[in-house]
Amino acid sequence: MVCDAESVVLYAFGVAGNDAVQQATLSACRTLENMPGHSSVMFHVDVVDDTDGDNAQPKKYIGLRLQDHAHQLVLLRDCRFEDALVDFIAAVPFAATILNHFITSPYQAVNVVDSTGKILYISPTHERFFGLRKGEGYGRQAGEVIPNSRLDIVATTGKAEIAQLQDVSDGVTRIVNRIPVMRDGEVVGAIGQVLFKNSEALTQMQRSLARMKTQLEQYRRELEELRGKNEPDKRLIGDSAPMQRLRREIETVAKLDVPVLILGESGTGKELVARAIHAGGDNSIGGRPLISLNLAALPATLLESELFGYAPGAFTGGRREGQVGKLEQAEGGTLFLDEVADIPMEMQVKLLRVLEDHMVERIGSHIPRRIAFRIVAATNRDIQSLIDAGRFRLDLYYRLSGVVLRIPALEQRREEIPAFLSHFVRGFCKRNAIVAPAIASDVARYLAQLPWPGNVRQLRQKVEEALVFCDGQVLRIEDFTREEREQALIGAAPNAISKSSGRGNKGTFGPQEGRLSSGHTLRLLEYEAVQDAISHHNGNKKQAAESLGISRSYLYKVLRRDTDSQH
């Protein structure tokens, strides 16, 4: 519908040819006069046709008005067509204002390219930022206009890139989303959207998350410490010669004010040793703290604030009241630095200074405080190799290693596996409030023959996994070999089928092939493999078990399990 400046209809066709639609549209346009500065405005139109009687339901249309000093052009669309955008505009009177906000906001402004990476739209905010005149970027490749843009790549591959850092000029970084736009299954373009105006917002979010994780970890450790006073769960397990030596060393150094460096492979229990040192010294009297910090778990940008804390107003996004660092929290107690070999070089210098004079200065503050604390550090890395490579300071090593304690690997104390087995079974069953099963006599011997590169942590995981799948009565070797056995059965079942098919039993085994490839559960595959093997060996279960590489008792267990599931 085309009107002149006085809202006189000059041309109208299609749905706008209806008099009632024209009058309702003109009425809606007049209400837009209270919105100065809008040359293009979307609005909705409700039309009641008097010819439909008293119970007539209004028909809804979406209008788009474009105007200049002499004419108005109004485009109408029937809302009966299913379209989320149309529904949104029809439902929200200020929809145009919201859409305009998304397009122009510096925090959510969008840039749009077509499937070839040519710019179709660039937000006014970005035009000003890049020094472009209005519309100057249209039709140009995104990379020519926006530094380091990958919108053309996303439009080509159809793969979204979420929360990516993008350097848009010297010293200016944005965090952006690049999202492909699909229509009828084809990529027709891509949208670039600012997720954070600058990387400081992301750093603030990381800092808040790290702070919450640190606090949660501290609460967890304190709770475990309270429980550990009355639970044998937290004690060092084993009476082998290496463990007896380690206990004597812990008892000796616990009462002395010397730094301790704990060396041991991953999973050997370095944190337990640190707790034992703290508990055996005077630090544990009166609830003096054991403060732990995993140096490998924090990005370098947050490590300094976690260790030293920061003063109020030290940086944007920090707590208004500032934050106490781990060094201050450990006053009068023990600071345990786990994975100390992973500390960045620039932080090694600052940590060395603190260990020399015990003077701690928060970030943003110029007032140092003397803090009395004991340092216990741990690592699974070869520190000497790091020193030789120039990645760890020799003087820091000397400060940390007043006494060096070495934890033996599980490989060096296999005789303690039975004690660990019983300990982990009791602990798991107590946590889950279930009755502990009996342990078959050959389980400990079987576990002692296996390699344990993950040490005690790996052994615990295997024991707890076996407990999940055991029958609740007896923990057997079969419960530890579930994964290997299922892999073998998956391969064995098609072989059994193939053998039987070769004997002419197509009617019996033909359907099984289809079932095995249909994605059934591993338990069903186990049962089918056992049934096939029994049939192949004419009902001889001993031979069937031998052909599958399992014990006859486990074969009966598979058959019994399926029978039980049917009831």
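Predicted model: local features only at pLDDT ≥ 70, side-chain atom pairs only at ≥ 80, totals over all residues.
Residues are numbered from 1 along each chain as its sequence is written, and side-chain values use heavy atoms, with hydrogens and water left out.

Taken as a whole, the protein has 23 helices and 21 strands. Of its 567 residues, 39% count as buried, that is, under 20% relative accessible area with a 1.4 Å probe, protein chains only.

Back to the sheet. β15 and β18 belong to an open sheet of 5 strands, with the order β12-β15-β18-β11-β19 and parallel pairing. β12 and β19 (403–406) sit at the edges, so to speak, each pairing on one side only. From one strand to the next, the twist averages 20°. Angles run from 0 to 180 degrees between N-to-C directions, with axes fitted as lines to C-alpha atoms, for helices over the stretch in contact.

Two helices pack on this sheet. Helix α8 (residues 241–254) touches β11, β18 and β19, and its direction makes about 155° with that of β19. Helix α9 (residues 270–280) touches β11, β12, β15, β18 and β19, at about 150° to the direction of β11. Touching, or contact, means heavy atoms within 4.5 Å.

Then there is the greasy part. In soluble globular proteins, nonpolar side chains tend to be buried together. A nonpolar core is a set of buried Ala, Val, Leu, Ile, Met, Phe, Trp, Tyr and Cys residues joined through side-chain atoms within 4.5 Å. The largest one has 33 residues, and L337 is among those with the most contacts inside it, along with L327, L335, F373, F392 and L400. Elements that each supply at least two residues include β15 (334–338), β18 (374–379) and α12 (345–357). The largest share, 5 residues, comes from α12. A second, separate core of 22 residues includes L421, C429, V443 and W452.

Definitions and conventions:
Buried < 20%, exposed > 50% of the residue type's maximum accessible area, 1.4 Å probe, protein only. Helix = DSSP H or I, 4+ residues; strand = E, 2+ residues; numbered from the N terminus. Pairing = 2+ DSSP bridges.
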